[in-house]
Amino acid sequence: MSEKKLRRKRHISDVLDRKESNLALCAEISWGTKVSEDEDLRFTFANRDSWPNFQELLRHLSKASKESDEQLDTETERAVEAYEKVVDSLLHSFKARMNSPVEEAFLEEIFVSSHLKGCVFVGHIATDLDSIAGAIGAAKLFGGIPAKSEANLNGEILYVLKEVAELEEPMLFDDIPGGGIPSNDPDNVWKNVCLVDHNEEKQMVKSLREHPDRKSRVVGLIDHHALSSSFSSDKPLFIDVRPWGSMSSIVAHMFLRNNKNPGKSIARLLMCAILSDTLNLQSVTTTDADRFAVAFLARIGEIENPDEVARLMFRAKTAWICDLGPYAMVRGDQKDFFVNGWRFGIAVLEVTTMSPVLQLADRLILELRTLKIEKGGGKIANELDFAFLFVVDVVKQCSVLLVCGGREFALASKAFKGCPHKIAKDGMPAPGSTIQASQTLIDVGPLVSRKAQFVPAFSETLNAGFQCHKLPVSSPKYVDDKDDDAL
């Protein structure tokens with residue numbers, strides 16, 4: 001064996017020794033007992049006084065994971081390992097409670113679940129895996145009807161439904177009697193709706209958004225996003241909104257609280273959705289609730305290696321994205337925001353390798369410029385001031401930003417101050433008269449989250465009195481660009 005390989009072997013051995021020591025200490029902290037193969041380390045859920053010890057365990061494991069060699073295991077592998085004994089103990093009691101529910105589950109069933117029974121559960125447009133999984137999972141839990149907001153689902157969703165969960169696609173909301181079309185039941189022409197994974201009016205399926213009785217039909221909301229100023233209701237409704245990394249983590253917790261088994265297929269679907277929304281538990285939005293949910297659902301779903309499942313579904317999504325073409329790539333996972341008089345849109349492509357996407361950079365930039373005008377629907381005041389596309393490498397956990405114009409570069413260079421810029425594709429021309437070709441790509445490094453990083457960076461800059469060579473399109477003094485006229 002070479003000296004280099006021998007040193008590597010010794011290094012791995014040392015890291016594993018430290019890891020075993022950390023886990024042993026964690027066990028002593030959590031269960032108050034010495035680690036031994038012959039001892040039962042079952043966590044004492046019934047003793048509330050022991051719960052703070054579990055919080056200490058989480059803090060210690062978080063510290064231990066940061067000190068570990070990144071090549072030895074992933075965040076998902078660490079989560080499964082960290083929660084192994086807690087999940088073992090929980091499953092032991094959970095299986096018993098499924099047959100003999102406790103009082104809390106009775107109260108949930110009588111006073112909470114009944115409110116959502118028979119609802120149509122539907123996610124947002126620009127459909128992602130979390131919105132589909134949340135709709136299917138919540139519909140099973142509460143006895144409702146799962147729906148998708150759009151006919152065509154992305155490659156990641158299709159892969160997980162077919163290859164992992166072995167489930168059928170939910171019906172299109174607009175095809176469900178009582179959902180998007182009236183039913184034949186004179187006493188229930190329009191069904192109640194529970195929104196999942198969104199609450200902004202513009203993200204709702206169009207037939208619901210424009211329904212005259214929408215505010216009375218929406219009786220529930222399960223989400224992990226901030227409440228939008230556009231969200232309101234005509235009467236009190238069921239709301240479960242938590243600051244977790246995935247809406248599917250909330251649904252998994254609801255199954256536990258209700259003493260109901262999601263079953264292998266639903267558990268697999270929810271687990272995949274959490275891994276998708278948290279980028280394999282590596283996103284800054286990931287919480288301990290998400291880590292625990294993945295470990296728990298993997299056991300229910302009989303998944304031995306969640307990390308490998310995540311790799312395969314991300315790979316499926318990458319292949320699907322690259323086959324879409326620039327028009328759909330820019331408009332797929334795209335959201336608009338309004339801050340301090342400025343309108344900006346952010347599209348995100350999550351891939352396992354950036355090169356196939358960046359080969360289309362010139363065409364993607366042209367589509368971004370077109371999208372800005374398209375959003376106005378013929379009215380300049382409704383157009384976007386800025387349109388951005390972030391390409392996120394979910395394996396390396398880094399991102400680049402495609403910049404389509406002078407306004408975009410002016411904002412992005414301030415929002416991501418100090419980040420290097422370069423030409424997005426060798427040989428491409430400048431996309432406009434106020435931007436150079438060498439300014440069309442900005443490397444934003446380890447930033448990967450639209451919700452937690454991209455939007456706050458832009459919003460902070462715009463709220464700080466941002467100015468550039470153009471006024472906001474909503475300003476009465478705004479003058480259209482010649483470049484835009486050409487488009």
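I take contact to mean heavy atoms within 4.5 Å. I am working on a predicted model, where local features need pLDDT of at least 70, side-chain atom pairs count only at pLDDT 80 or more, and totals for chains, interfaces and linings use all residues. Residues are numbered from 1 along each chain as its sequence is written, and side-chain values use heavy atoms, with hydrogens and water left out.

**Entry: Lys 335**

I looked up Lys 335 and found it in strand β7. Strands here are DSSP runs of E, at least two residues, and helices are runs of H or I, at least four residues, both numbered from the N terminus. Is Lys 335 buried or exposed? Lys 335 counts as buried, at 18% relative accessibility. The cut-offs are under 20% relative accessible area for buried, over 50% for exposed, and partly exposed in between (1.4 Å probe, protein chains only). I set aside neighbours within four places in sequence and listed the contacts of Lys 335: Gln 203, His 225, Phe 344, Gly 345, Ile 346 and Arg 450. I also checked Ala 387, which is 52 residues from Lys 335 along the chain; their C-alpha atoms are separated by 9.8 Å.

**Entry: Gln 334**

Gln 334 also needed a look; this residue lies in strand β7. Gln 334 is buried, with a relative accessible area of 12%. Which side chain makes a polar contact with that of Gln 334? I found Asp 336, at 2.7 Å. A polar contact is a pair of N or O atoms within 3.5 Å; within protein, one must be able to donate a hydrogen and the other to accept it, and residues adjacent in sequence count only if both atoms are side-chain atoms. Not counting residues up to four places away in sequence, Gln 334 touches several residues, including Leu 371, Lys 375, Leu 384 and Arg 450.

**Entry: helix α18**

Where is the kink in α18 centred? I place the kink, of about 30°, on Pro 456, within residues 450–463. The bend at a residue is the angle between axes fitted to the seven residues ending there and the seven starting there. Ser 449 caps the N-terminal end: a side-chain oxygen lies 3.5 Å from the backbone nitrogen of Lys 451. After α18 comes Gly 465, with a positive phi near 90°.

**Entry: cysteines**

I found 0 disulfides, taking one as a pair of cysteine sulfur atoms within 2.5 Å. Cys 272 is buried at 0% relative accessible area, and Cys 322 is partly exposed at 25%.
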